[in-house]
Amino acid sequence: MSDGLVQILDGNTFVVSDQRGDIEASRTDPTGLFSFDTRFLSRWVLTVNGERLNALSTDDLQYFQSRFFLVPGTGTVYVDAKLSVIRTRAVGDGFHEELMVMNHDEQPVELEIRVDADCDFADLFEVKDALEKKGSYGRQIADGVLHLTYERETFHRETTITAGEPAQIDERGFLFRVDLGPKGRWSTTLDVVTANTGLGERLRRPKYGRGATRARPNMEKDLDAWIAAAPTVRCGWQPLESTYRRSLVDLAALRFSPPVAGGRSLPAAGLPWFMTMFGRDSILTSLQTLPFTPELAEATLRSLAARQGTRIDDFRDEDPGRILHEIRYGELTAFEERPHSPYYGNADATPLFVVLLDEYERWTGDTRLVRDLEHHARAALAWIDDYADLMGSGYVWYRRRNEQTGLENQCWKDSWDSISYRDGRLPGFPRATCELQGYAYDARVRGARLARTVWKDADYAARLEKQAADLKRRFNRDFWVKDDEYFALALDADGGRVDALASNIGHLLWSGIVDRTKAGAVVRHLMGEHLFSGWGVRTLAAGEGRYNPVGYHVGAVWPFDNSFIAWGLRRYGFKEEAARIAAGILDAAEFFDGRLPEAFGGYPRRLTRYPVRYPTACSPQAWSTGAPLLFLRTMLGLEPVGDHLVVDPALPQGIGRLELLDIPGRWGRIDAFGRGRVEITRSPGLRQELGDDAGDAASRPRRSGRRRAPAG
Amino acid sequence: MVDRKLRAGATQEFVSGLCAGGPYPTLARVRAIVRFEVTDGSPGEGWTLALADGTVRLADEAAEADCVFRADAATMDGLASGRVNGTAAILRGALVADGAPDVLAAIQALLPGPPGSSGPGQAGEGAGA
């Protein structure tokens, strides 16, 4: 988001305004009231006696509420105002606004308070791509309600606006004529309600509607309950506590309940463009947050299963068994001008779906979900064999069938230039990136465990295990770049190695596909100066042909990427290296007030001393929000084993003592403790806080969790 | 003019195929009465289906429906033949779907894909291995 914009949200409804609370959107400007991928207000401007207001201050009270303190005039020199305005806004099925105008003068004043409203009903994709509308607009005033409408054939969208106080309503907005006595106050409410006729929605009041007879759904209480239900972090290094709390609040904000979720919430991908269900993002965020908020994983699995591919559809890149990439609800999707209904073009969410299902059961013991989704998990595993092996070589490949609006790169690094040879050349299609093979391996291993323990199908389990072992053997041969001892980023269509050195090799450790004998070399690369910036592992190693420290997938450091790399390091026993990465990213979080951006620059830490935010990174973004949670798991070495939770801490020294209390799982609730003992001062340029030798080095970690009475 | 009988025939064919086929694993846990209503057909034109234990059967027209799909004959025919996408049709208001979202999703999963789609196929053999 651009600086200076204020954003509040509830599910996939959000408002982006300027510091005054005004909205003046252009065709390509991301301000406005958005819901279900459609802009429902593109103009919302408050004036008093024809004058725009000036913001004294703006409070983001909660993620769903903001308050603007305003005075008339827009001059740069502040003159004591005789009048001030407090504008409070809460989002939810539209928004509810309370305007309060105060006369500070000894004299009465006559005021014309005006709110201009308009709407372009732009699809989010139109805002991004500056496309023209094909339907017609309407404005009606009836019974004190201003209706703004848009129609294209059977597609109807409508914004209705009402005011609490008497107003003169015209097609452009509301005018309030107010006589305000000395020291007097006047206030009104304004309700803006969005309606999607196609989605079967009826006009509703916003959640924060007015009127004494109507109980207010208390979102604040909901947020408090959400935070109270999550484990508690206590830490000698205070910034970690703040980052954790920030993550929990942002996760609450990013919760999204698609119609198929049955009222459950899953993590949407990010604000503002990605407040929707993404297969990959929702799954990876659910994996990160499993030890903290396991209900997100269940909602993700059930919702993705409900929309799992069942047919061949080239426009949507859909195959039977494939897990969706992204679903959208706007006009372009409705008229099949974009394929997001849903779009399936990704090669990783399908194996990751099985990975999440298994990891979820390991933590929660919820075998019912595993039984409910048996067909879906089997279909996902079958997709790997039947639809992903485009070259008949036993690997997962991708190549879009929708050449116009489909995605070229169907892995998490989905920008056009992300997959390259060392010299910068781009391979043709199809492509088989290395981490996809790791995910497929892990999905089979985990699918075998579920088949054996829950579905009671030993033959299927044995078949999957054989496939996994075979894949691992071939992968370690075919992807291995012998001379420099790392795994190639991908294979090209000729079976050649796409040999750029990239962060993807860290995901291979997480998946377990790496031969033990090769792990040491992989780790040396991950922690070497070409990949490790001091803050974290770069997406592409410095020195590669396409390396660019502010290249989205070709040099920037992604906190989410690093959280999985650190998890992989732990899996192979490289505790100290995992702690070093955790220290770098968590230290970076402090520069962003605990809210990690999607990505930051790959500049060496010793050069910039602070993490340089990637220019257009969206924030909060779900898997960046989940990263600190996964780092907590990794640093404490939390691993479910049977009905127990093993705790094996390896913390950066500067963190001091770390307590994670009330970790939910099949054991009930358990506490975990650790003390910082991993020296990370060799890490270039690390700040004192986490690299301080004066940390509690002599302390020993407590190696087992303290069990409380099971909570059932 | 589109031949009304032909369209009704396409939808009828799809419904007959559904009832003859199965069991459908995605319906294993679904038990519901689903009604497809043709809005521009003769009064009462439509199909009432009973979903249970992974199968689809024609049900009594008078049975109370848990879910209703409502569209004109052209849209209904498009859905039955795969030329119209169910989710997109709902988003643009051409198809009204009323009822439990999980049942609606399960029904949509049974709709065929576009007639011209050929699938991924294989680009060659033996690469990489």
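How many residues does the contact take from chain A and from chain B? The contact takes 44 residues from chain A and 34 residues from chain B. Keep in mind as you explore these views that the model is predicted.

**View 1. Chain A as a whole.** Let's start with the overall make-up of chain A. Chain A contains 18 helices and 31 strands. Of its 712 residues, 56% are buried. Take the contacts in chain A with a separation of 6 or more: 65% of these come from residues 24 or more positions apart.

**View 2. The side of chain A that touches chain B.** This view returns to the contact that draws on 44 residues of chain A and 34 residues of chain B. On the chain A side, at least two residues each come from strand 14 (155–163), helix 6 (331–334) and helix 11 (458–478). Sorted by class, the residues on this side of chain A are 17 nonpolar, 14 polar and 13 charged.

**View 3. Helix 12 and helix 14 of chain A.** Two packed helices are described by the angle between their axes and the distance between the axes. Here, helix 12 (residues 504–511) of chain A and helix 14 (residues 559–571) of chain A have axes that come within 7 Å and cross at roughly 45°. Angles from 65 to 115 degrees count as roughly perpendicular and those under 35 degrees as roughly parallel, so helix 12 of chain A and helix 14 of chain A are oblique to each other. Their crossing is left-handed. Look for A:G506, A:H507, A:L509 and A:W510 in helix 12 of chain A; they meet A:F564, A:I565, A:W567, A:G568, A:L569 and A:R571 in helix 14 of chain A. By class, this contact has six nonpolar, three polar and one charged residues.

**View 4. Strand 4 of chain B and its two faces.** In a regular strand the side chains alternate between the two faces of the sheet.

**View 5. The partners of strand 4 of chain B.** Which way do the strands run beside strand 4 of chain B, parallel or antiparallel? Strand 1 (residues 32–38) of chain B pairs with strand 4 of chain B in the parallel sense, over five bridges. Opposite B:V68 of strand 4 stands B:R35. Strand 5 (residues 96–98) of chain B runs antiparallel to strand 4 of chain B, and three bridges join them.

Notes
Residues are numbered from 1 along each chain as its sequence is written. Chains are lettered from A and ligands numbered from 1 in the order in which they are written. This is a predicted model: local features need pLDDT of at least 70, side-chain atom pairs count only at pLDDT 80 or more; totals for chains, interfaces and linings use all residues. Axes are lines fitted to C-alpha atoms, for helices over the stretch in contact, and angles run from 0 to 180 degrees between N-to-C directions. Helices (H or I, at least four residues) and strands (E, at least two) are DSSP runs, numbered from the N terminus. Angles under 35 degrees count as roughly parallel, over 145 as roughly antiparallel, 65 to 115 as roughly perpendicular and the rest as oblique. A crossing is left-handed if the near helix is turned anticlockwise from the far one by less than a right angle, and right-handed if clockwise. Two residues are in contact if their C-beta atoms, placed from the backbone, lie within 7 Å. Ala, Val, Leu, Ile, Met, Phe, Trp, Tyr, Cys and Pro count as nonpolar, Asp, Glu, Lys and Arg as charged, and the others, Gly among them, as polar. A residue is buried if 20 or more other C-beta atoms lie within 10 Å of its own, exposed if 12 or fewer, and partly exposed in between; C-beta atoms are placed from the backbone. Two strands pair if DSSP finds at least two bridges between them.
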